[in-house]
Amino acid sequence: MAKHGSNDLKARARHLAATEGISYTAALQRLRADHGERTAKPVPRSDRGRWRAHGPLRDGLRWLPPLATAQTGIRVSVPRSVRGHPMWIERIEPLLIDRWDGATPHVACEHRDLLLEVLRAVCGRTGCELEPTEYVDVDVRLDAVRAEGRLLLQWAGVELAHAGDHHSWTRPRLTHCEVVAGAMLLDIDGQEETARRRITWEPGTVLRVLGVPRTTLAGEPADAYKVVAVSTEDPTDAVRRQGWRLLGLRYGDDVPPPPADAAEGRLGPISSEWPPGLYEVPTDYPGEHLADCLHVDEQAGRIYVARREPGHDTEYVLPLTRERRKVLQAYAHAYGRAAAAYAVVGANETAATALAGTEFTPHRLYRMLRILAVRDGADAAALTGRSPEEWAEAGWSLDRSWFNLAGQPFAATAVPARCWTAAEAAHLADTGIGAARAYELRADGDRVRTVEEVIAQDAVAVTEAGREALELLAHVTETVPESVAEALPRARRHTIEPLEEWKDDHRSSFGPQGNGVWVRLARHDFHLADGSTRSLWVVSDGWWDYGADADAGETTTAFLSAPAARTNWREARDAHRRPAPSALSPAVDLPCPGQDVQHCDNCGSTTITPNEFLELGWMHASLGLACGPRCYDAMSDAPGRHAQRHHRAWTDQ
């Protein structure tokens with residue numbers, strides 16, 4: 001089957017469009033249909049986790065604390081659709097001050113009532129209400145909202161990119177929405193892909209717009225949209241509403257002003273300097289990178305709030321009251337112990353029940369997704385059956401520092417189905433297989449091996465450290481024992497210990513020029529599965545040169561014993577230490593032409609040495625006149641050889 005982006009298919013589509021008088025997009029779709037290629041349609045989100053993503057999806061009403069700006073004005077960030085509204089432009093725009101790039105424009109305190117009035121008229125809300133505006137998912141019939149030949153969805157904050165998606169370049173890239181019926185197309189006016197693109201759709205296409213404030217639907221035709229989900233259906237909706245009212249946390253895309261008793265304050269960047277006993281309370285499901293942060297200092301009775309917003313954070317301190325303590329407990333249960341939070345990382349109710357109250361919170365499991373996942377009760381039992389230190393000793397560190405596991409993405413895009421489960425990891429650890437080796441053996445094209453297959457492959461497959469050993473064995477000049485040749489390809493780990501280094505660098509003080517040589521000796525240890533270690537000693541002989549062109553190189557020789565390697569290292573070093581025949585030796589014996597003739601104080605030449613600095617003429621070193629860069633460098637800290645031999649009489653005078 002031809003790939004969607006193949007040049008052959010695109011060329012045939014251009015030819016078909018030219019011969020039959022149809023658009024390039026229609027021709028490309030016909031060819032794909034003829035060859036049995038199917039274009040995957042977006043799959044609507046499932047009901048489970050519909051309201052999981054609470055991070056800001058688009059512009060909203062975001063109030064900044066008046067703590068530091070109470071004397072200057074009120075700051076609030078509004079959506080682009082509000083900034084373009086005639087009422088905002090006419091009544092608020094002239095009042096805005098501090099419009100420099102990157103700053104949030106604000107209005108003077110005396111205009112607060114006018115600002116709230118305009119926001120209520122334009123948005124249907126001000127962001128200062130005690131209860132936040134609910135958010136909804138709506139199905140929009142595109143045929144009903146077309147106006148003047150354009151698709152008007154400013155109220156929804158939808159982004160429709162003309163760039164197209166990465167699969168076929170025949171559909172627009174959608175943000176904050178998805179197609180649930182019909183199809184959206186990216187029609188191309190002309191036969192070349194660089195021609196102008198226009199977004200179109202099939203008749204009857206329905207676009208599901210995700211998470212918009214209900215107040216934005218006011219004034220829209222009732223037959224154009226249908227509400228299919230409401231934020232109040234979220235099991236944690238009541239908790240988030242309390243966070244809005246008592247803590248100043250965002251709800252959907254809206255961020256309220258901080259509570260009236262908020263004070264300036266923040267935690268320092270160094271966690272070791274934080275107050276003792278400080279603990280964090282989760283405010284959202286795992287994986288939400290813009291989740292607000294709450295840290296509680298019970299001893300001081302303070303709550304440190306850090307509201308995460310695109311581009312910056314808003315931080316302040318709140319007193320820990322009885323009512324706020326109840327809200328914090330509700331947050332800790334909803335996002336730290338509830339089954340719904342564990343389900344986000346792939347754990348079922350049995351696993352959630354077993355892990356609730358342990359150190360393995362949903363957020364901790366999310367950070368561990370690159371190495372292992374918990375799906376059921378057996379995985380939970382296996383995970384808690386060892387301490388984190390014992391897991392690390394077995395080669396399965398639960399820390400997020402693992403970054404080189406084969407086939408595993410970063411935690412932000414990790415999928416539980418791609419991970420070994422905790423029960424499988426425990427089985428592999430019992431057989432001496434660590435995480436790096438387990439993931440190295442698991443990746444086999446599109447197929448995923450089972451635990452039994454990995455254990456069988458481990459006995460015969462070359463390891464990553466083994467491949468490095470084979471590369472070094474190719475540089476061994478002596479006969480390699482059969483036992484070494486068989487053991488090294490299955491080494492578990494490879495470490496390098498530098499032993500000796502010698503280098504001789506020459507850098508010009510006149511411009512970026514220089515050259516150098518170096519010789520290094522290092523021991524490469526290969527740790528085997530039985531706990532033993534086999535070593536190779538490697539001598540690297542290298543050079544570098546930086547002049548008109550930069551170049552470098554090295555030769556590698558490996559040895560089975562340290563004495564032979566050290567002898568070779570000394571020989572390579574001594575070879576570089578032998579003085580090379582000087583190119584200036586014949587010129588040193590030139591007779592001195594006298595004071596009246598301009599000549600080089602180092603070599604005695606009366607002409608300039610050809611070089612890339614020829615246009616500079618004679619070069620004046622600190623201790624004499626030089627005909628070129630080499631003689632210039634020679635007289636950087638001592639008189640030239642010619643001057644010492646022939647000019648002594650001048651100096652004595």
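## Packing around helix α12

The buried residues of α12 pack against α10 (349-355), α11 (362-367), β18 (372-373), α13 (388-393), β19 (420-421) and α14 (422-430). Here contact means heavy atoms within 4.5 Å, and helices (H or I, at least four residues) and strands (E, at least two) are DSSP runs numbered from the N terminus. This is a predicted model, in which local features need pLDDT of at least 70 and side-chain atom pairs count only at pLDDT 80 or more, while totals for chains, interfaces and linings use all residues. Residues are numbered from 1 along each chain as its sequence is written, and side-chain values use heavy atoms, with hydrogens and water left out.

Helix α12 spans residues 377-384, and its buried residues are D379, A380, A382 and L383. They cover an arc of only 165° around the axis, which puts them on the same side of α12. Buried means under 20% relative accessible area, exposed over 50%, and partly exposed in between (1.4 Å probe, protein chains only). The arc is that of the directions from the helix axis to the C-beta atoms. At the N-terminal end, α12 is capped by D376, with a side-chain oxygen 3.2 Å from the backbone nitrogen of A378.

In α14, the buried residues are A422, A425, A426, L428 and A429. Because they cover an arc of only 165° around the axis, they are on the same side of α14. These buried residues pack against β18, α12, α13, β19, α15 (435-442) and α16 (451-458). After α14 comes G432, whose phi is positive, near 85°.

Helix α17 (residues 464-473) has A465, G466, A469, L472 and L473 as its buried residues. Seen down the axis of α17, they fall within an arc of 115°, so they line one face of the helix.

## The α7/α8 pair

Two packed helices are described by the angle between their axes and the distance between the axes. For helix α7 (residues 237-247) and helix α8 (residues 322-336), the angle is about 145° and the axes are 10 Å apart. Axes are lines fitted to C-alpha atoms, for helices over the stretch in contact, and angles run from 0 to 180 degrees between N-to-C directions. The crossing of α7 and α8 is left-handed, meaning that the near helix is turned anticlockwise from the far one by less than a right angle.

On the α7 side, V239, R240, Q242, G243, R245, L246 and L247 take part, meeting E323, R324, V327, L328, A330, Y331 and Y335 of α8. By class, this contact has eight nonpolar, two polar and four charged residues. Ala, Val, Leu, Ile, Met, Phe, Trp, Tyr, Cys and Pro count as nonpolar, Asp, Glu, Lys and Arg as charged, and the others, Gly among them, as polar.

G243 lies in helix α7 and is buried, with a relative accessible area of 0%. Not counting residues up to four places away in sequence, G243 touches G248, L249, V327 and Y331. G243 and Y331 are 88 residues apart in sequence and 8.6 Å apart in space, C-alpha to C-alpha.

D234 is found in the loop between β13 (225-230) and α7. At 6% relative accessibility, D234 counts as buried. The side chains of D234 and T236 are joined by a polar contact of 2.9 Å. A polar contact is a pair of N or O atoms within 3.5 Å; within protein, one must be able to donate a hydrogen and the other to accept it, and residues adjacent in sequence count only if both atoms are side-chain atoms.

## Overall figures

The secondary structure of the protein comprises 23 helices and 27 strands. Of its 653 residues, 43% count as buried.
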